[in-house]
Amino acid sequence: MLSKKLAAASWSDRIFDLVVYAAITVVTIATLYPFLNVLAISFNDSTDSIKGGITVYPRVFTVKNYETIFAYSGLMTGLKISILRTIIGTILGLVSASMLAFTLSRVDFQARRFVSTFLALTMYVSGGLIPVYILIKNLHMMGTFSVYVLPGLVSAFNVFVIRSFIDGLPYALQESAKLDGANDFTIYWRVILPLTKPALATIALFLAVGQWNAWFDTYLYNGSKDGLTTLQFELMKVIQSTTTNADNFRGRNMTEVMAQISPESVKMAITIVVTVPILVVYPFLQRYFVKGMTLGSVKS
Amino acid sequence: MKAITAKVQPEPKKPASRFWPKFLQQKYLYMMAVPFVLWAFVFNYLPLWGWTMAFQKYKPGKSFFEQKWVGLQYFRELFQDEQFFNALRNTLAMSLMGLLAGFIIPIVFAVLLNELRQIFLKRFVQTVSYLPHFVSWVVAAGIITKMLSTDNGAVNDLLMSLHLISEPIQFMAKGNLFWGIVTASDVWKETGWNTIIYLAAISGIGPELYEAARVDGASRLQQVRNITLPGIRTTVIILLIMSIGHLISIGFEKQFLLGNNLVRDYSQTLDLYALNYGLGLGRFSFGTAINIFNSVVSVFLLFVANGIFKKITKESII
């Protein structure tokens, strides 16, 4: 009786397994294939690419597409600005979030309730696109590098993730440091920060990816400033140039837009340049951000 | 009576006299918090003041008191504009589709991943599935446009070689396909990422439950249905309610990057409408009215969702 039951179960289990593996395979291919395809085209001769039929490896291998884009000055300044905003934005974001998180983790801090509510509300209220635009304009931040790092400096979500991590540390550590004569800032710097590394790594990844991937602030505030455009914005210009959406290039006429059309392979090469830094970083930080995500979700 | 007041009276004074000594004692904590609070005030709260623009005939360069108040004129204009209802329809359609797909598919994917028994394979698939989350929408839109293109796009090639279609479909030029394309792109980009929370919830289920089920002769499918799915029920409900609150604020990034003139009737969301007709044309007041409408509806939906949530679970998330 029992063996019959088990046999029946294993039969249906085998089908179940088959379905699971088939589905997982499809998902994996659907996720990975587009990237491999883009990579292959970026290394393929651009006139040959037009013939089509390139899958996951280049047919006529060349690095000319990359030479072409790196010779283009807009890309180099874009790269510089993107790296700069990623570094500065990440550091400032980490400092603000960790400092606020530390003060909020201190139950004895008088202004704790106020600060906490004040920050939490920012997650729900926002003035919207146009009031923010006017504010930036009135603060004379248009056409400056600061619009990349200042408006989004304080993120309540990040503060709360780090805070819940600090809450998990024993308070006795802070007390013993205090007995040794440390002030609150020293405790933050010497005791809390080193112990919060896993949470900080998660937040750093979020901040860095956010900074690296941002393009809309460039479009909105710095689009006409040649020295301040970011890599994503340059990529957007190139990609949009071949879509039918000519009016994204407000004020420019059709011939100008057509002149900007670059070969598919060159477009794909830029896409790869924009993507590679993230590809290199995220698998190493995976352990942390999985933890961080779950932590943040429980809190909010 | 007198005795009571006498007792109570010193109370209000006490915090005031305690505040300053403690303030000095905690000066470093204040120094670490106050600058950033001011920061948040400037960039998060000051723009709310900008909402007054919607009720004024806002002219840049003039001070607040020099602006002309016009009451609800811009809201009336908004509700008379056909494009507004179009944008509202698109926003609701795309957010509902995104909500459904972006909600069900990650759960299914989490369950599937959990059923993989080789740890290495599981980690590999997981790592791959996060990848699209980390690339920007600019990159994603470029890749998606390439995949869907009529000349040698992977999707058309696949459909052709399977003889499902006889000639390539112009995916990016068909308005009625746009909502589906946006939803599918979102699924492609975010499924792996959204799975993290469900996987964490599943790993919190006690293994003894599965063992007991196995002893009772439950098949793998039955285990999924009777243990895994009920085990993540609370997580599912919380996430569902939270996403309902954000229902209408789907933004415009995807629509901006994937859309084009040919599909505009289907791609314009409320935010994109505010961008094009408010900012693009310099009609700041009108655009702000759209922003306000958007926020009010969002908050309304959040409260409705929370109300439903309270009824079901007797807990509140706000």
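**Note on a predicted two-chain model**

1. In chain A, 67% of the contacts with a separation of 6 or more join residues 24 or more positions apart, a contact being heavy atoms within 4.5 Å. This is a predicted model, in which local features need pLDDT of at least 70 and side-chain atom pairs count only at pLDDT 80 or more, while totals for chains, interfaces and linings use all residues. Residues are numbered from 1 along each chain as its sequence is written, chains are lettered from A and ligands numbered from 1 in the order in which they are written, and side-chain values use heavy atoms, with hydrogens and water left out.

2. Chain A contains 14 helices and zero strands, where helices (H or I, at least four residues) and strands (E, at least two) are DSSP runs numbered from the N terminus. Of its 300 residues, 50% count as buried, that is, under 20% relative accessible area, with exposed meaning over 50% and partly exposed in between (1.4 Å probe, protein chains only).

3. Turning to the interface, chain A and chain B bury about 8200 Å² between them, with 74% of that area on carbon and sulfur atoms; buried area is the accessible area (1.4 Å probe) that two parts lose on being put together, summed over both. On the side of chain A, the residues that lose the most area to chain B are A:F16, A:Q110 and A:I130, which together make up 8% of what that side buries. The contact takes 99 residues from chain A and 87 residues from chain B.

4. Three salt bridges are counted between chain A and chain B, each a side-chain nitrogen of Lys or Arg within 4 Å of a carboxyl oxygen of Asp or Glu. One salt bridge joins the side chains of A:D17 and B:R220, at 3.1 Å from N to O. Helix α1 (residues 2-42) of chain A supplies 21 residues, the largest share of the side of chain A that touches chain B.

5. Most residues other than glycine have a negative phi. A:H140, however, has a positive phi of about 55° although it is not a glycine; A:H140 lies in the loop between α6 (129-138) and α7 (156-167) of chain A, and is exposed, with a relative accessible area of 67%. In chain B, phi of B:H163 is near 60°, also a positive value; B:H163 lies in the loop between α8 (154-161) and α9 (175-203), and counts as exposed at 70% relative accessibility.
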